[in-house]
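The structure is shown first, and the notes follow by topic.

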Amino acid sequence: SGTVMIDNAMVTVANLEADNGIVHVINAVLIPDTESNTVVDIIVGSENHNTLEAAVIAAELADDLSADGPFTVFAPTDAAFDLLPTGTVESLLEDPTGQLANILLHHVYSGNAMSTDLSDGMMIPTLLGTELGVSIDMSGTVMIDNAMVTVANLEADNGIVHVINAVLIPD
């Protein structure tokens, strides 16, 4: 039919020449896709972080971790939560804004920490006010306290997510 579409807008007048280019008149306003991709979105979108997702929501931290940041989240997998003693997660969910929230805040650094920013012996301050120790062995394996980083540098609009294989429990 000769109809030209730009996304959802039809070109109604084409090829209006100007000194510095060409103008095409369209019949709709084009809205850019501004879908967010926060650290929370990465966790929610992961098939391996269902327990972490439920914990973040229950602890009422989803809005906080969707804010501007930047945040670096060390995100334990469902398998990591499964390694905790039987009944631990259920017990923590009974008071989600108490000890559960503290454990989750112990997994978050207020800043961007890409894997290339980490060094052996480094201490990372957490939102809980505790610190996480970084160790890197000769093969390049990165440990955050007792948890191994299994996937590094998942970039979000408001920070970084590193997947880890253990839940970090603050002292």
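A cavity is a set of grid points where a 1.4 Å probe fits but cannot get out, and its lining residues have an atom within 4 Å of a point. The model is predicted.

**Cavity**

- A search of the whole structure finds 1 cavity of 30 Å³ or more.
- The volume of the largest cavity is about 50 Å³.
- Its lining is made by Ile43, Leu52, Val56, Leu61, Leu65, Val73, Phe74, Leu104, His107 and Val108.
- Two elements, helix 2 (50-58) and strand 4 (71-76), each supply at least two residues of this lining.

- An open sheet of 7 strands runs in the order 5-4-10-9-8-7-6, and its pairing is mixed.
- Strand 5 (108-109) and strand 6 (123-125) are the edge strands, each pairing on one side only.
- Strand 8 (residues 142-144) pairs with strand 9 (residues 147-156) in the antiparallel sense, over 2 bridges.
- Which residue in strand 9 is the bridge partner of Ile144? The partner is Ala147.

- Strand 2 and strand 3 are paired in the antiparallel sense over 5 bridges.
- Val11 has Ile26 of strand 3 opposite it.

**Nonpolar surface patch**

- Val13, Leu16, Val23 and Val25 make a nonpolar surface patch of about 270 Å².
- Strand 2 (9-18) and strand 3 (21-26) are the elements that give two or more residues to the patch.
- These two strands also pair with each other in the antiparallel sense.
- Val23, one of the patch residues, is placed in strand 3.
- Is Val23 buried, partly exposed or exposed? Its relative accessibility is 42%, and the partly exposed class lies between under 20% for buried and over 50% for exposed, so Val23 counts as partly exposed.

Definitions and conventions
Residues numbered from 1 in each chain as written. Predicted model: local features only at pLDDT ≥ 70, side-chain atom pairs only at ≥ 80, totals over all residues. Heavy atoms only, no water. Pairing = 2+ DSSP bridges. Helix = DSSP H or I, 4+ residues; strand = E, 2+ residues; numbered from the N terminus. Patch = residues over 30% accessible without salt bridge, like charges linked within 9 Å, V, L, I, M, F, W, Y side chains within 5 Å. Areas by Shrake-Rupley, 256 points an atom, 1.4 Å probe, with all protein chains shown as cover. Salt bridge = Lys/Arg side-chain N within 4 Å of Asp/Glu carboxyl O. Buried < 20%, exposed > 50% of the residue type's maximum accessible area, 1.4 Å probe, protein only. 1 Å grid on protein atoms, 1.4 Å probe; cavity = no way out; pocket = protein on both sides within 12 Å on 5 of 7 lines; lining within 4 Å. Points joined across faces, edges and corners; volume = space filled by probe spheres on them.
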